[in-house]
Amino acid sequence: MIKVAVLYPNSKNLEFDLAYYVNTHIPMVKKLVGSALKKVEVEKGVAGREPGEPAPYVAIANLYFESVEEFQKSFGPHGATFAADVPNYTNVKGVIQISDII
C-alpha cells in the first residue's frame, strides 16, 4: 500500500477554500480515479510546534493506493482535469510525496 500526500504549504498570502476542496474537489477525484483509490483523508492544519506558530501546511490530502503503478494508471489520465480545478480552491501549488506504508 502506498500513500500519496498532497501538501499545501501555508504562507502569508495563501488563499484556500477548504469547503470547496472537501465538498467538490475531493469527490471529483474519487469519482474519476474510481476503485483504485482505497482511502482518502483530508487534514486541516491548525498549529505549528510552538504556541502561536501557524501550521506549516494549511491542508494535506492523503490518498491511498495499492501501488505506485495503480496511482499513475488511475490518476494520470485525469491530471489536467485536477490541475484545472486548483484555482477554484487555492492560489498555491501543492507538493506531492509518494510513500510506502510500513
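Predicted model: local features only at pLDDT ≥ 70, side-chain atom pairs only at ≥ 80, totals over all residues.

**Along helix α1**

Now go to the other end of the helix. At the start of α1, a side-chain oxygen of Asp17 comes to within 3.3 Å of the backbone nitrogen of Ala19. Further along, α1 bends by about 30° at His25, and a proline, Pro27, follows within four residues.

Which residues of α1 are buried? They are Tyr21, His25, Ile26, Val29 and Val33. The buried residues of α1 pack against β1, β2 (39-44), β3, α2 and α3 (79-85).

Val33 is in contact with Phe65, Ser74, Phe75 and Phe82, leaving aside its neighbours within four places in sequence.

**The nonpolar core**

The largest nonpolar core has 22 residues, and Tyr8, Phe16, Tyr21, Val33, Leu63 and Phe65 touch the most other members. At least two residues of this core come from each of β1 (2-9), α1 (18-33), β3 and α2. Which element supplies the largest share of this core? That is β3, with five residues.

**The largest pocket**

The largest pocket has a volume of about 290 Å³. Of the 16 residues lining this pocket, Val6, Tyr8, Val86, Tyr89 and Ile96 are the closest to its centre. The elements β1, α1 and α3 each give two or more residues to the lining, and α1 gives the most, with four residues.

| Residue | Relative accessibility | Class |
|---|---|---|
| His25 | 5% | buried |
| Asn62 | 3% | buried |
| Glu66 | 45% | partly exposed |

Is Asn62 buried or exposed? Asn62 counts as buried because its relative accessible area is 3%, and the cut-off for buried is under 20%. You can find Asn62 in strand β3. Not counting residues up to four places away in sequence, Asn62 touches Lys3, Val4, Ala5, Lys39, Val40, Glu41 and Glu43. With one of these, Glu43, the side chain of Asn62 forms a polar contact of 2.7 Å.

Glu66 lies in the loop between β3 (57-65) and α2 (68-75). Why is Glu66 called partly exposed? Its relative accessibility is 45%, so Glu66 falls in that class, which sits between under 20% for buried and over 50% for exposed. Apart from its neighbours within four places in sequence, Glu66 is in contact with Met1, Ile2 and Lys38. Lys38 is 28 residues away from Glu66 along the chain, yet their C-alpha atoms are separated by 7.5 Å.

How values were computed
Residues numbered from 1 in each chain as written. Heavy atoms only, no water. Buried < 20%, exposed > 50% of the residue type's maximum accessible area, 1.4 Å probe, protein only. Contact = heavy atoms within 4.5 Å. Polar contact = N/O pair within 3.5 Å; in protein donor to acceptor, adjacent residues only side chain to side chain. Core = buried A, V, L, I, M, F, W, Y, C linked by side-chain atoms within 4.5 Å. Bend = angle between axes of the 7 residues up to and from the residue. 1 Å grid on protein atoms, 1.4 Å probe; cavity = no way out; pocket = protein on both sides within 12 Å on 5 of 7 lines; lining within 4 Å. Points joined across faces, edges and corners; volume = space filled by probe spheres on them.
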